[in-house]
Structure formats: C-alpha cells, structure tokens
Amino acid sequence: CYGCLFTSVTWSVLLFLYFSLGQDGGRPTFRYVPIQGPQAHRFQPRFSKGPGGGPEHGITAVPAAGAGGNKQADLSPEMGHFDSMIFNEQDQEVRDMGYHKHAFNVLISNRLGYHRDLPDTRDDKCRDMIYPLSLPAASVVICFFNEAFSALLRTVHSVLDRTPAYLLHEIILVDDSSELADLKEDLDSYVQQHKLQVKVKVVRNEKREGLIRGRMIGASHATGEVLVFLDSHCEVNEAWLQPLLAPIQRDHKTVVCPVIDIISADTLAYSPSPIVRGGFNWGLHFKWDTVPASELNSPDGAVGSIRSPTMAGGLFAMDRKYFNELGQYDSGMDIWGGENLEISFRIWMCGGQLLIIPCARVGHIFRKRRPYGSPGGQDTMAHNSLRLAHVWMDEYKEQYLNLRPELRERAYGDISERQAVRQRLQCRSFKWYLDTIYPEMQVASPHNKPQQPVFVNKGLRRPKVLQRGRLRNLKADKCLVAQGRSTQKGGAVVLRSCDTHNPEQEWAYDEEHELILAGLLCLDMSEIRSSDPPRLMKCHGSGGSQQWTLGKSNRLYQVSVGQCLAVVDPISPKGYVATAICNGSQSQQWQLEG
Ligand code: UD2
Ligand code: MN
C-alpha cells in the first residue's frame, strides 16, 4: 500500500531532509524545483557552435524504408520558422545534413548544448510525493546506432544532472557498430576529458546487432539492481527516477514506463504528453489509447500508476534479475520493431505487470521517419512480429496473418527457445491477456476467419449517417477533399478551399464512425504502414483502420493508430494531412459543417 509506506517513512524522510539538504556539495536526495516558466525550454540562439557543437560526422546512413509519402521538406512545417536563425551556409548544411542523416534538426540540437533546463511537465501533486530513501540503484542502458553526438550527449548528461548519484549505479552506452566517421573517437575522448568513466561505460558491438540484441548485450554488462532502458535521443526530466524505482522495490515483477514527453524533431522544444496508455492493432503496430476512467480514478489519481497493456518500447525500468528470469528479449529479433509488444505480452501473460508512472517524465525526439535501414534491407518489423505472433498469440495470430497474408509463407527462424521460455514460466493464454488486460481490443469473430467485408455502396448494409457536410480544418480554414477523383481507390486526401456547392466535398459520418466521401469511399489509415498518410479505400465495415471519432473537442481521432488527423503545414498550398500524436492544437481541429 503506497499510502502506508509513505506515512511510515514520512517522518524519517523529513528528518533526513532537515539534516541533509544543502549541507554539502552533494546532490540533495529530493529536489523540489519550482515549475520552470514557459520560456524555460526555449532555445537560446547561439551563433557559434557553442559547447554542443561537436564536429559533424560525415557518412550517409541508409535511408529509411517505409517513410511516409510526403517529402521531408513538406513534413517539416516548423523548419521555416528557423530559417532566420541560419547564420551562414555552414549552418544550413549542418541543418540539411542533420535532417538527412538523423531526421531531426541537428543544427538546433548542437546549439542547445549538452545541458538545458526543461519545463517541469508533471502534475503539481508529483512535487509533493515522497519516496523511500533507500531504493535500488539503476544501470541505465542506452543503445545507439549513428546517433547525433549532441543528442546522445544530452541524453547522458540529462541522466547525470537529474539523478541522485547514489541511485545511479552506471550508464552503459552500447555503440551498435555505428558507421559515422568520428562518433567513436569523439565519444571516447569526451568521456575521458570529462572524467565520466566512473559512471559511463561504453560497450561496442563488433557488428550491427540491432536494438534488441544491443540492449541484451548492454544488460549483460550491467551490475545495478534495476535496469533502465532509454533511447539515445532522450532527456530525462525532474526527479524522474525515484517514481520508477519505488514500485519495482515494492514488487520486483512490476515493470514501469515513464510518460514519454515530446521533443519536437524540428524545434527541439520540450512539451508534455497527455496521460495515455499503450495498446496495439492487429497489424501489430503499437498505438496510444485513452486511459479508461476506471484506471484514472484509482485512489492514487494523477500521482499513482496506470496499468498499460503494452509499452512503446524505448523507455522502461525493470528489476535486472527479473529481466533475466523473464527471458530478456528474443535474440532472434533483428534491428528494430516488435520487441516492445513481445515483452509486454510476456510480462502480463507470465505473472508480471506493466505500469505507466505519470510522475516520471522523459522526453524523446519523435522523428517522422527512421533515419536508418537494416543491413540487408529486410523488413525486420515483419520478421520480428511473425516471431512474436507464433510464440505468444495462440490462435489470435490469425488476426495478424489475415491482414498480412503474404507473411503466411515467410520463414521466421527457430522459435523453440522462446516457446521453452513460455513453457518454463507457465504463462497464461493470449485469450486471457485480451480478456483481462486489453478488453477494449476488438476481435473479429470467429477470430480464425478472414473478416467479411461489408459493401456499403452495394447496399448490403448502410449504417445510419449521423452527420453530413464539409470537413473543415480550423487552422488552415480549408476542407478535406480527394487529391484526385473522389472515386479513386487508394487516393490521397488533401486540403482545398471549401466549396459549399461541391458534392465532392461532402463527407458522411456514420454510426460506425466511418467517414465516407461523396457517398462512396471511406477515410482509411493503413494498419500495416501506419506512417503513411490516410487514403480513400473501399469501406470494409469492420472498424479499426476506418474508425474515426469526432468528439466535442473537434479532434478527429483515428482509433487504430491512436493519433489525430492534422494539417501538415497550414500555409502550404499542397494541403497535406497526416496523423500525429494528439496535442489539442488548432492544426488538429476539424468541423463537419452542413
Ligand atoms: C520505438 C521505441 C524504440 C523501440 C522501437 C521498436 C520509444 C521512445 N522508442 O521506436 O526504443 O522499442 O519502437 O523496436 O518507445 N538502435 C540501435 N541499433 C539499431 C537500430 C536502433 O542501437 O540497429 C538504437 C537507436 O539509436 C535508438 C534506439 O535503438 O537509440 C531505438 O531506435 P529508434 O529511436 O529508431 O526507435 P523509435 O523511437 O523509432
Ligand atoms: Mn527513438
């Protein structure tokens, strides 16, 4: 019981604070830092390279497979705002090469340096939380491949700056055989020059392993009681670690994730994320879900924890022995993708629990594309998903295979070791997981048959239309239309001037939450390539990819990918739209006007 624990330690903690705070140069155990002003995270233009300006590393990374349909320039609406800060051609090159190699604004990242203040994004009540004095110390494992030096160093320093020394056992950096020319030398000499060796250890993979085996290698070098995994472009926020360690101390089978705040890939501005939890769709893509009221209204409220069916993957803490006992990761998974669902299913099905801790905040640079590929150019996400489907999903793997029939015949390697893990731990069934942990997940029934398409336009079924009209984006003040003909299957949608007399601009929003343009095709988000922009597809009537909720807040929420429809650049005549993490901004507000 959190409450009893806190009451029992409150007095000792207060005494401790009384005697220890500010007494020596050491870091106080608890830091009650006032909320930083809204300006706190604004970047200070510095027209020299500044302390963050490490040398640029020159090698071209393999461009990402499966990036969205729009070109990079179109996807970076905010870039233009920073043009005035480009000082000379060299700066421009840093920015352009940075986007090319890392898919975020490296110019700003370099200018920010390795330390910066962040806005304290926690609920006010988190600042009054008191955690046990004695907590297990953490080994922070950060695996990286071709990371931008300034982003990597900011990740490391944010941990060093914001973690009480006695709780930070070590930071293990796993260089996954990066190919950038100077990265190795720069990192080694930086660690040496700044005498970071005491806390920071660099492990180097001889060949590219991918983030999954990379993390296993990192964990095998770790000696702290708790493992904390972070991506290499993160910044941890105020008092981030204590709220993660406390629940693990109470129950070593509890795995915890911080709330992942958003660091803009274009501006590097740090902003809070709403409290959401992890889910997935039958394409086996992770998505964010709203938290059911029953979870939010738990006795601990905003400062407690939220049970989450899945984790995003990059940022979590777990007892080190439990990580090993639970079977680490599937070492047959390559490079990127799928391991987050695999470990999430495994945690729940094999007797653990997965929680999101709203008082722990860590920012992450969310890029619009992955800046690297896999060495052989394979789709590792499909390979990894196949493995997890065959080991963990029982008969429900058919839900995935029905969406990806081409994968039925694809080889996925030997999974016997993973099946033995499931056997050894006496894990429950996937049905139990769905019924108990993720009851919101819709299952087409019977679940081993392909979903029957329902042809709205052939009159077999016509769900009741709730609303009709033009779909106007409030920021751009334009309406959503087909880019080509409204009858063209697979066609994109874009924003154009609203025209009340044009039937091609008329959307119907029906009781199945479908959005149908000009009486024919449905607005659809691919569950297989969720980075693609939405398209017009034949209405299939089974929700998911064609299910949109149009709520009072004017947001258009895509149920399957767990994101909101947004205009990419409100000023651009191209009028591109895409789904993005819901943030309540005007770019994500829509009105269906009759
Ligand atoms: C998300 C997760 C990521 C991982 C992934 C699914 C978050 C914030 N991020 O994608 O951690 O779970 O989903 O697999 O939840 N890396 C290597 N070697 C490689 C490829 C990547 O070391 O071959 C590193 C990379 O430098 C980064 C980390 O692995 O530090 C995660 O990769 P990412 O940032 O490209 O993944 P992300 O955030 O798109
Ligand atoms: Mn990442």
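**Reading the two sites**

Tutor: Let us begin with ligand 1: by class, its shell holds nine nonpolar, seven polar and seven charged residues. Here Ala, Val, Leu, Ile, Met, Phe, Trp, Tyr, Cys and Pro count as nonpolar, Asp, Glu, Lys and Arg as charged, and the others, Gly among them, as polar. This is a predicted model, where local features need pLDDT of at least 70 and side-chain atom pairs pLDDT 80 or more, while totals for chains, interfaces and linings use all residues. Residues are numbered from 1 along each chain as its sequence is written, chains are lettered from A and ligands numbered from 1 in written order, and side-chain values use heavy atoms, without hydrogens and water.

Student: Which polar side-chain atom lies 2.5 Å from an oxygen atom of ligand 1?

Tutor: A polar contact here is a pair of N or O atoms within 3.5 Å. One such side-chain atom belongs to Glu339, 2.5 Å from a ligand 1 oxygen. In Phe145, a backbone N or O atom lies 3.0 Å from an oxygen of ligand 1.

Student: What are the protein donors of the manganese ion (ligand 2)?

Tutor: Donors are N, O and S atoms within 2.8 Å of the metal (3.2 Å for Na, K and Ca); water is not among the atoms, so sites may look incomplete. For manganese, they are Asp231 (OD), His233 (NE2) and His364 (NE2), lying 2.2 Å from it. Their sequence spacing is D-x1-H-x130-H.

Student: Are His233 and His364 buried or exposed?

Tutor: Buried means under 20% relative accessible area, with a 1.4 Å probe and protein chains only. His233 is buried at 6%, and His364 is buried at 11%.

Methods. A polar contact is a pair of N or O atoms within 3.5 Å; within protein, one must be able to donate a hydrogen and the other to accept it, and residues adjacent in sequence count only if both atoms are side-chain atoms. Buried means under 20% relative accessible area, exposed over 50%, partly exposed in between (1.4 Å probe, protein chains only).
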